[in-house]
Amino acid sequence: MTTTTPRERTATSDIRTLHFQLHPLRYAETYGRFGHRVVPNLWAALFAAISAACLVVLAITGILLTVAYDPSVEPVIYQGSYAPLRGVEVSRAYDSMLHYSLEVNGGLLVRQSHHWAALVLPASLMLQIGTAFFTGAFRRPRRLAWVLLVATFLLALGAGWSGYGLPDDALSGTGLRIFEGILVGTPFLGSWLTLLIFGGEFPSDVVPHLYWLHVVGIPVLLAIVLSLRLRLARRIRPAQLPGRGRTATNLVGLPGPAVAARTVGMFLLTCGLLVTMGGLLTVSPIWRYGPANPASASTGSQPDWYTAWLDGSLRLVPPDWDFSWLGRTWALSVLVPELVAVAFLGALTLYPMIEERVTGDRAVHHILDRPRDRPRRTGLGVAGIVFFGILWLSASTDIIATIFHVSFETQVYALRTALVLGPVVAYVVTVAMCRELRARQRETVLRGYETGRVMRATDGGYTEAHAPLSPDVRASVAASAGLIRRAEDEEQP
C-alpha cells in the first residue's frame, strides 16, 4: 500500500513547470520551505518586482536627499553657482535643493532618480491593481490583500504629492496654492484642514509639515501595509490561471529558485533603468522654475501624471456652480470633484465586497478568471479606465489649447460629454466583445480552429478544413468558463 504525502511533486519537462499537490488545510506546512515552493507564472509577479525596485530606489535616494535637504521656509539670498538666480531671495528649502542639484557631485542624479522612481511606482501599482481586478484575484481569500494593494497605491500617491511640494519652487508652489483653494472651499472641515496642513495663511509652514509627512508619516504607514501584504502572501497560497491539470488543490508553475532568479533580475533591471533615467533624462528642473511666490503662478503648470485626474475633475465643473445654505456657501465646483474622487477610490477599494454582495459568490477561489469569461466585471473595469482617462486628459486642456489651437470651452464641453457617455459606451462595447469572444471560443472548442485549407466534396461543395486544438491550448482557453464541458454536453445526441 502506498501513501501520497501532501508535499508530493511531479515535474513536467516539456513546459518546465512543477505540479505541486497541496492539502487545503496544511498550506503553511506544505508551502513553507523555499526550495519546495512552486509559483504560478503570472505577470503580476513582474509588476510586483518593478514596484519593489521603485520602493528601494526611493528609500536609498530619499535618505541621501534627507541629509542634504533643509525643510525651512526662512528666506535667504541665493549665492550659488546658478547665475540667473544669484542675489534673489529664496527659501532655505529651495536653496538646499539648488545646491544639492547643481553643486554636489551626483546630487542631480540622486534627485532625478528619486523623482523618476516616484513617477514609475504608481504606474506599476496600477498595473498590479488592473491584473488583480480583471482576473478576479480579489475574491476570497484575497479580499484583504486587495484592500492593502489599493492602500499601497493611495499611500504612494500621498507620498508623491507631499514630495512634490518640498523643493519650494514656483511649480510646486502653484500646485500647493490650488490645493489650499480646494481645502478652503470644503465646508466644515476646510478651515481646520487648512490650519493643520499649512499652519496658517498660505504658504505659512506648509513645507515643514509636508516634510514630516513625506519622511516619517507616509513611510511608516507604507511599511505597515507592506508588512501585512507580505504576511498574507506567506499564509495564502498563490492563485493561478485556468489550464490543463490546474485545480483548486494543486499548483502548476515554476520552482521557487527559478522564480526568485527571474524576480531579482527584473528588480535589478528596473533599478538600473531608473538610475539611467535619472542620469540622462531631465525631470523637475527647479532652477528654471524659480522660487515659489504666493503672488504669482506658473503658466502651463501641470501636476505629476498620477494626480492629473484630480486636476482634470476640477476643470470640468462649471466655475459658478454654487449655492448658499445653512449660512454657508456650498461651492459645488469643489465639492463635486471631491465627491467623485472619493466615490471612485472608495468603489475601487470596496469592490470585492460589492461584487460578493451582488453575485452572492462567497466561495474560496484559487483559480483565476480570464477577463472575457466575466463580461460584466470586465466591462466595469474598462468603463473605470475610460472614466479615469478622460479626467486625466482634462488636466491638459490648457496645453492642448496652446499647441493645437483648440478653444478651451470646446474642449470642456466635449470632455464633459465624453465623461458621461464614454464609460457607458465602453461598458456596452466591452461586454459585447467578451460575449462574442466566448461564443467564438465555444465554436473553436467544438469544431477546432480554421486551417485556411478549402476542400471540395464529391458533390461539388466546398468546405474549410478545421484542426482540433491541442490538449494544452484547449484547456487554457476553455477551462475557466467550463466551455469544454458545455461543448461536450451539447455534442451528445
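**View 1. D398 is partly exposed, at a relative accessible area of 23%.** Here buried means under 20% relative accessible area, exposed means over 50%, and partly exposed lies in between, with a 1.4 Å probe and protein chains only. This is a predicted model, in which local features need pLDDT of at least 70 and side-chain atom pairs count only at pLDDT 80 or more, while totals for chains, interfaces and linings use all residues. Residues are numbered from 1 along each chain as its sequence is written, and side-chain values use heavy atoms, with hydrogens and water left out. The side chain of D398 meets that of R315 in a salt bridge, at 3.0 Å from N to O. R315 belongs to helix α11 (residues 308-316) and D398 to helix α14 (residues 397-404), so this pair ties together parts that are 83 residues apart in sequence. A salt bridge is a side-chain nitrogen of Lys or Arg within 4 Å of a carboxyl oxygen of Asp or Glu. Helices (H or I, at least four residues) and strands (E, at least two) are DSSP runs, numbered from the N terminus. R315 counts as buried, at 17% relative accessibility.

**View 2. D369 and R139 form a salt bridge, with their closest N and O atoms 3.1 Å apart.** D369 sits in the loop between α12 (332-359) and α13 (375-394), and R139 in the loop between α4 (107-135) and α5 (143-164), so the pair ties together parts that are 230 residues apart in sequence. D369 is buried, at 5% relative accessibility, and R139 is buried with a relative accessible area of 9%. Both residues belong to a network of salt bridges that links R139, E355, D369, R374 and R377. The structure holds 13 salt bridges.

**View 3. E356 forms a salt bridge with R143, the closest N and O atoms being 3.3 Å apart.** E356 is in helix α12 and R143 in helix α5, so parts that are 213 residues apart in sequence are tied together by the pair. E356 counts as buried at 9% relative accessibility, whereas R143 is partly exposed at 23%.

**View 4. Helices α11 and α12 pack at an angle of about 140 degrees, their axes 8 Å apart.** That angle makes α11 oblique to α12. Axes are lines fitted to C-alpha atoms, for helices over the stretch in contact, and angles run from 0 to 180 degrees between N-to-C directions. Angles under 35 degrees count as roughly parallel, over 145 as roughly antiparallel, 65 to 115 as roughly perpendicular, and the rest as oblique. In α11, W309, L310, S313 and L314 meet S333, P337, A341, F344 and L345 of α12, where contact means heavy atoms within 4.5 Å.

**View 5. Helix α2 (residues 43-68) packs with helix α3 (residues 92-102) at about 120 degrees, the axes being 10 Å apart.** This makes α2 oblique to α3. L64, L65 and A68 of α2 meet S96, M97 and Y100 of α3.

**View 6. The whole structure has zero disulfides.** C54 is in no disulfide, and the nearest cysteine sulfur, that of C271, lies 8.0 Å away. A disulfide is a pair of cysteine sulfur atoms within 2.5 Å. C54 counts as buried, at 0% relative accessibility, and C271 is buried with a relative accessible area of 14%.
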